[in-house]
Amino acid sequence: MPLVPPDEAPGATEHKFKKPFVGWSGKKLDSLLAKAGIARATCLIGNVCPIKPPGNKISLLSQIDVDLNEEKERCREWITAHPRRLVIVLGNTALECLTGKTGIMNYRGSLIPKEMIEFSFDIFCMVHPAAIARDW
């Protein structure tokens, strides 16, 4: 069962329903998972930060006294507590959280083997579904 954490943080729909990836991004994610032959029900899905940031911009979390570094650490602990063979990161914040690397466009479609990171799982990198909506 893959783990699909890291969305950056909840958007408006996710915030309303208190569940990750239930809005447009969630529908797009479901479609992408289905094309890969993965049922959403077999995935554990979460966010790097479970708190909706002001203006939906993760860089503004400090305005509401949320420390992104603390949230990244919490996310890493959550993932470690739910062992998987594969973690799919969606977007730059998730990529940076788990690998220290930045530039999702340079890593999208790439598999980062566990031997190159500090975890016991491989990481597959994808552009965040919300970025697809903005860019296309």
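How many helices and strands does the secondary structure of this protein come to? Six helices and five strands. Hi everyone, and thanks for coming. Please keep in mind that this is a predicted model.

Let's walk along the chain. Starting at the N terminus, the elements run β-α-α-β-α-β-α-α-β-β-α. The protein has 136 residues, and 42% of them are buried. If you take contacts between residues at least 6 apart in sequence, 62% of those join residues at least 24 apart.

Now to the inside. In soluble globular proteins, nonpolar side chains tend to be buried together. Here, the largest nonpolar core has 16 residues, and those touching the most other members are Val87, Val89, Leu98, Phe121, Ile123 and Cys125. Two or more residues come from each of α3 (68–81), β3 (86–90), α4 and β5 (122–126). Which element gives the most to this core? That is α4, with four residues. Another core, of eight residues, lies apart from it, and includes Phe21, Leu29, Ile88 and Leu90.

Let's stay with α4 for a moment. This helix covers residues 92–99 and is mostly covered, with six of its eight residues buried. Those are Thr93, Ala94, Leu95, Cys97, Leu98 and Thr99. Just after the helix ends, Gly100 has a positive phi of about 80°.

For Cys97, the nearest cysteine sulfur belongs to Cys75 and is 4.2 Å away, while a disulfide needs the two sulfur atoms within 2.5 Å. Cys97 has a relative accessible area of 3%, so it is buried. Cys125, one of the core residues I named, is buried too, at 0% relative accessibility.

Last stop: the aromatic rings. A search of the whole structure turns up one aromatic pair. Its rings belong to Phe119 and Phe121, and the pair counts as stacked because the centres are 4.8 Å apart and the planes are at 15°. Are these two residues buried or exposed? Both Phe119 and Phe121 are buried. Setting aside its neighbours within four places in sequence, Phe121 is in contact with Ile79, Arg84, Arg85, Leu86, Val87 and Lys114.

How values were computed. Residues numbered from 1 in each chain as written. Predicted model: local features only at pLDDT ≥ 70, side-chain atom pairs only at ≥ 80, totals over all residues. Heavy atoms only, no water. Phe/Tyr/Trp six-rings, centres within 6.5 Å; stacked < 30°, edge-to-face > 60°. Buried < 20%, exposed > 50% of the residue type's maximum accessible area, 1.4 Å probe, protein only. Contact = heavy atoms within 4.5 Å. Core = buried A, V, L, I, M, F, W, Y, C linked by side-chain atoms within 4.5 Å.
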